Amino acid sequence: MDIKILHIDSNHSLLWDQLNKAGFINHSDFKSSKEEVEAIIEGYQGIVIRSRFKIDKSFLDKATNLQFIARVGAGLESIDCEYAISKNISLIAAPEGNRNAVAEHSLGMILSLFNNLNQADAEIKSGNWNREINRGHELDGKTIGIIGYGNMGKAFAKKLQGFDVEVLCYDILNNVADANAEQVSLEELQQKTDVLSLHIPWTPETDKMINSKFIEDFKKSFWIINTSRGKNIVTADLVAAMQSGKILGAGLDVLEYEKLSFETLFNDKNTPEAFQYLMQSQNVILTPHIAGWTFESHERLAQVIVDKIKLKYNYL
Ligand SMILES: O=C(O)[C@H](O)COP(=O)(O)O
């Protein structure tokens with residue numbers, strides 16, 4: 001039987017080329033609305049997505065012949081996974097494709113924050129030679145707390161091995177630790193951590209996880225890196241903790257407000273105060289959800305998806 005696959009987001013060309021070569025029939029539709037795609041999805045056995053729209057119950061009810069959803073990335077929050085599984089639709093994701101990129105970006109954010117790289121660079125370029133206010137910190141001797149020890153957390157811990165740091169991890173699953181981190185309770189992680197890095201998905205359990213109560217439970221002041229999902233942090237609580245000195249700096253690749261348009265964010269009346277604070281703070285680095293978005297991961301994500309689809313159909 002022919003396997004027809006609909007691609008609704010653009011990806012590295014090898015994905016399309018290799019699936020074609022393997023005999024799958026590929027169609028692309030990057031522009032149609034969710035409703036328009038719903039009207040044609042019955043004709044497909046597979047759909048390849050990034051995160052353009054939600055694959056929810058209404059969509060899945062119309063996808064009567066769907067056998068798999070392939071997510072070119074790690075986060076599955078745009079898919080009603082439980083419902084898809086109840087309909088025997090396989091979920092294929094590719095965290096192996098961008099975990100290295102996320103790990104390197106997380107490390108880059110820490111080193112940049114610790115050494116004031118962004119600020120010092122901007123100062124010099126505007127004619128200011130300031131040494132004392134740009135005195136940095138060293139990673140040596142610090143304790144890094146990783147929350148979420150899956151693909152991303154593990155890749156990040158691996159990158160840290162060349163530094164003289166203690167690496168702790170906390171994960172809701174037991175026995176996930178490898179040689180690169182010690183698995184501890186959340187309490188122990190909060191007792192010891194100097195730099196917290198989040199590598200958790202966004203789920204009802206992790207939503208707003210980093211709030212004022214959670215931050216208060218840390219024993220020392222700490223830095224925070226978030227390359228996971230913006231809504232895992234209550235930004236106003238993060239900002240309050242920065243103002244009180246409990247949080248020393250933040251590297252944020254994802255924002256709670258990410259789904260707002262930039263026009264909304266920069267409109268004086270609508271700009272959340274916490275966002276304004278982040279925008280003006282020297283000890284905050286912001287990037288536009290690019291941690292997993294490298295040239296290399298673009299290609300690797302596509303390859304992982306091709307391999308997994310071929311494996312599903314025993315096409316080795
Ligand atoms: O979940 C991921 O893999 C990354 O956050 C990238 O997500 P995106 O495909 O929605 O950009």
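The lining of the largest cavity, sorted by residue class, has six nonpolar, three polar and one charged residues; here Ala, Val, Leu, Ile, Met, Phe, Trp, Tyr, Cys and Pro count as nonpolar, Asp, Glu, Lys and Arg as charged, and the others, Gly among them, as polar. The structure is a predicted model, in which local features need pLDDT of at least 70 and side-chain atom pairs count only at pLDDT 80 or more, while totals for chains, interfaces and linings use all residues. Residues are numbered from 1 along each chain as its sequence is written, and side-chain values use heavy atoms, with hydrogens and water left out.

Rolling a probe the size of a water molecule over the atoms shows where empty space is left. On a 1 Å grid over the protein atoms alone, a cavity is a set of points where a 1.4 Å probe fits but cannot get out, a pocket is an open set with protein on both sides within 12 Å along at least five of seven lines, and lining residues have an atom within 4 Å of a point. Grid points are joined across faces, edges and corners, and a volume is the space filled by probe spheres set on the points. The whole structure holds one cavity of 30 Å³ or more, and the largest cavity has a volume of about 50 Å³. Among the residues lining this cavity are Asn-226, Gly-230, Thr-235, Leu-252 and Glu-256.

Leu-252 also belongs to the lining of the second largest pocket, together with residues including Asp-253, Glu-258, Phe-262 and His-289. This pocket has a volume of about 200 Å³, and its lining has eight nonpolar, two polar and two charged residues. Helices α11 (262-266) and α12 (273-280) each supply at least two residues of that lining.

Helices (H or I, at least four residues) and strands (E, at least two) are DSSP runs, numbered from the N terminus, and two strands pair if DSSP finds at least two bridges between them. Seven parallel strands make an open sheet in the order β8-β7-β6-β9-β10-β11-β12. Because β8 (182-183) and β12 (284-286) stand at the edges with a single partner strand each, one side of each is left without a neighbour in the sheet. Within this sheet, β9 (residues 195-198) pairs with β10 (residues 222-226) in the parallel sense over four bridges. Leu-198 stands opposite Asn-226 in β10, and Asn-226 is also one of the residues lining the largest cavity. Helix α10 (residues 235-244) lies across β10, β11 (247-252) and β12, at about 140° to β11; axes are lines fitted to C-alpha atoms, for helices over the stretch in contact, and angles run from 0 to 180 degrees between N-to-C directions, with contact meaning heavy atoms within 4.5 Å.

A further open sheet has five strands in the order β2-β1-β3-β4-β5, again with parallel pairing. Its edge strands, β2 (25-28) and β5 (90-93), each pair on one side only, and the twist averages 20° from one strand to the next. Strand β1 (residues 4-7) joins β2 over four bridges, with His-7 partnered by Ser-28. Helix α13 (residues 295-312) lies across β1, β3 (46-49), β4 (68-71) and β5, at about 150° to β5.
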